[in-house]
Amino acid sequence: GCGYGSGDTKFPSDLKTLQDVSGDLMFKGIVTGLWSSTDFSNIATEVSQGRVRVLKTDVGWVGAGFKFAFDAVATCVRGIEDNSDARRFIWTVEGWAGTHRMAVMWTGDNYGTFDFIRWQVPTFAGCGFSGQAHVSGDIDGIFGGSAETQVRDLQWKAFTTVLMTMSGWASPNPDKQPFSWGEPYTSINNMYLTIKLQLTPYFYTLSRLAYDVGVPPIRAMVMEFPEDGELFEVSVGSGQQFMAGPSLLVAPVYKPLSSSSIRDGIYLPAGGWVDFWTDEVIEGPKVINGYPVPLDILPVFVRVGAILPMWPPTTSLTGKLPHGQLRLDIYPGGRSSFEVYEDDGVTRAFAQGSFARTKFECHASANAMTEGGNVTVAVGPTDGSFDGLPQRRTYTVNLHIPVAPREVTVRTKAGSAAVQQFGSLAALQYAASGWTFDKSSKGTWKRVPSRDRRGVLSIKFPTAVAEGFILEIPAPAYRRKSSAEVAEPCEGPETLLAPALAPEDAA
């Protein structure tokens with residue numbers, strides 16, 4: 001078997017041990033997985049009766065070559081999907097062409113050092129060129145490690161699709177869990193894990209894109225900007241960064257604070273970029289040197305125009321997924337859109353068409369984040385359905401803009417109406433709908449680095465998922481319009497919502 005149980009007890013008599021453990025974990029919202037280097041002969045029973053839903057193949061399945069390793073992973077897939085309604089979730093230590101259809105690959109038995117952080121960044125990005133959509137590596141390795149390397153490794157991996165830790169081999173601290181080093185490290189790790197959970201709708205959509213067309217969520221810079229000649233140059237700076245989907249540029253920190261408290265060589269391609277922490281707008285192409293990186297800061301930049309679908313802050317996904325609430329973090333600039341994908345997250349019903357998509361659009365002037373101006377946000381009707389999709393959903397739209405608007409108007413099938421203004425985020429939290437402008441805090445993360453920043457306009461609005469709505473945010477009356485706005489006025493994205501906004505008695 002796979003090593004569960006103890007002493008001389010053999011399968012199937014120790015199946016009860018597996019059932020007891022997996023049942024207790026399931027009650028806590030945790031899925032059970034098994035790791036094998038030798039045998040899968042009992043996989044049908046382990047899945048059907050032992051509630052196993054994750055499997056891992058180790059180096060024992062690699063030595064005989066491609067077919068041997070590939071067949072082992074395929075056996076795991078059949079074991080899960082032939083004996084349950086769950087979808088495949090396999091970890092494997094090596095892969096070849098085709099492995100991406102079966103498993104997540106991880107980078108082997110690494111050490112918790114800054115060199116291993118530096119080596120893994122181009123490895124993750126490079127795997128995307130080979131069609132491997134999901135790649136991971138043990139956070140802070142399985143050997144060695146320290147509080148600082150654990151934080152730095154977890155930070156950037158929080159902006160990938162999958163995370164893993166493995167305890168037991170390291171010294172002086174064999175525990176690789178994110179709370180094992182105490183404060184301040186636990187709080188920093190918690191902040192990044194919270195961000196990762198919030199970004200689940202974004203990365204889940206990117207995972208569906210990889211499933212459909214093969215484009216990986218974690219992308220080398222040149223994959224997203226193939227016409228930028230600078231990215232073809234040999235550069236430690238641009239080689240040590242990547243795009244998490246089309247909207248987030250991540251530049252991992254790969255030096256200890258004892259040798260440097262800044263990050264050099266961050267390359268921003270042409271276009272507008274926004275500092276994730278401060279909302280400072282930077283125009284590319286540009287190389288950033290001397291970026292301050294205290295332990296709680298990972299350099300992350302958001303592409304101007306980005307629409308990031310997010311869940312509300314949470315530290316756990318036990319129980320039902322929070323499909324009834326969705327937040328849109330929008331960095332307005334020109335015309336942009338994003339279509340979020342959703343399904344039940346567990347079963348294979350999506351393969352039979354049980355899923356949903358919702359499209360979002362934002363129309364604004366090119367310099368909306370620096371000069372302000374009219375902004376229009378359209379939330380389209382949800383197309384499709386799945387078990388767990390509620391009939392109604394509350395949207396919270398966070399617009400990163402420099403000044404508060406004079407008003408916010410919502411247009412629905414019933415007509416146009418002003419949205420009520422509240423004096424604080426705390427007041428808005430307890431209201432069914434409304435808006436507020438907050439310049440004192442990020443309004444997005446629990447813990448906020450103390451740097452100067454712009455404001456966030458938060459708009460909360462509940463609606464039936466089958467209907468859409470348009471938010472109109474005019475510039476303050478006293479603000480002088482820029483030449484760009486006069487030359488190219490912002491109009492509402494009527495085409496997206498025309499069916500949803502049509503009156504009931506329309507022909």
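Analyst: The axes of helices α4 and α5 come within 10 Å and cross at roughly 10°. The model is a predicted one, and every value below is computed from it.

User: What makes α4 and α5 roughly parallel to each other?

Analyst: The crossing angle is roughly 10°. Angles under 35 degrees count as roughly parallel, and α4 and α5 are therefore described in that way. The crossing of α4 past α5 is right-handed.

User: Which residues of α4 and α5 meet?

Analyst: On the α4 side they are Phe 114, Ile 117, Gln 120, Val 121 and Phe 124. From α5 come Glu 148, Thr 149, Arg 152, Asp 153, Trp 156 and Lys 157. The residues of this contact divide into 5 nonpolar, 2 polar and 4 charged.

User: What makes β1 and β6 edge strands?

Analyst: An open sheet of 5 strands has the order β1-β2-β3-β4-β6, with parallel pairing. Strands β1 (32-36) and β6 (135-136) each pair on one side only, and they are the edge strands.

User: How do you know that β2 and β3 pair?

Analyst: Two strands pair if there are at least two bridges between them. Strand β2 (residues 52-57) is joined to strand β3 (residues 90-92) by 3 bridges, and the two run parallel. Helix α3 (residues 66-81) lies across β2 and β3, and runs at about 175° to β2.

User: Why is Ser 130 called exposed?

Analyst: The relative accessibility of Ser 130 is 51%. Exposed means over 50%, so Ser 130 counts as exposed. Ser 130 is in the loop between α4 and β6. From Ser 130 to Ala 97 the separation is 33 residues in sequence and 7.4 Å in space, C-alpha to C-alpha.

User: What makes Gly 98 count as buried?

Analyst: Gly 98 has a relative accessibility of 10%. Buried means under 20%, so Gly 98 counts as buried. This glycine lies in the loop between β3 and β4 (104-106). Gly 98 and Gly 131 are 33 residues apart in sequence, and their C-alpha atoms are 8.3 Å apart in space.

User: Where is Arg 51, and why is Arg 51 called partly exposed?

Analyst: Arg 51 is in the loop between α2 (43-48) and β2. Its relative accessibility is 31%. Partly exposed covers the values in between the buried cut-off of 20% and the exposed cut-off of 50%, so Arg 51 belongs there. Phi of Arg 51 is near 65°, a positive value in a residue other than glycine.

User: What is phi of Asp 140, and is Asp 140 buried or exposed?

Analyst: Asp 140 has a positive phi of about 65°, although it is not a glycine. At 2% relative accessibility, Asp 140 counts as buried, since buried means under 20%. Asp 140 is placed in the loop between β6 and β7 (143-144).

User: Which peptide bonds are described as cis, and what is omega there?

Analyst: One of them joins Ser 171 and Pro 172, with omega about 15°. Pro 172 lies in the loop between α5 and α6. Another runs from Gly 284 to Pro 285, with omega near 5°. Pro 285 is in strand β13 (residues 281-288).

User: What makes β25 a mostly covered strand?

Analyst: Strand β25 (residues 434-438) has 5 of its 5 residues buried. Gly 434, Thr 436 and Asp 438 point one way, Trp 435 and Phe 437 the other way, and all are buried. Strand β25 pairs with β26 (residues 455-464) in the antiparallel sense over 5 bridges. In this pairing Thr 436 stands opposite Ser 458 in β26.

Note on methods. Residues are numbered from 1 along each chain as its sequence is written. This is a predicted model: local features need pLDDT of at least 70, side-chain atom pairs count only at pLDDT 80 or more; totals for chains, interfaces and linings use all residues. Side-chain values use heavy atoms; hydrogens and water are left out. Helices (H or I, at least four residues) and strands (E, at least two) are DSSP runs, numbered from the N terminus. Contact means heavy atoms within 4.5 Å. Axes are lines fitted to C-alpha atoms, for helices over the stretch in contact, and angles run from 0 to 180 degrees between N-to-C directions. Angles under 35 degrees count as roughly parallel, over 145 as roughly antiparallel, 65 to 115 as roughly perpendicular and the rest as oblique. A crossing is left-handed if the near helix is turned anticlockwise from the far one by less than a right angle, and right-handed if clockwise. Ala, Val, Leu, Ile, Met, Phe, Trp, Tyr, Cys and Pro count as nonpolar, Asp, Glu, Lys and Arg as charged, and the others, Gly among them, as polar. Buried means under 20% relative accessible area, exposed over 50%, partly exposed in between (1.4 Å probe, protein chains only).
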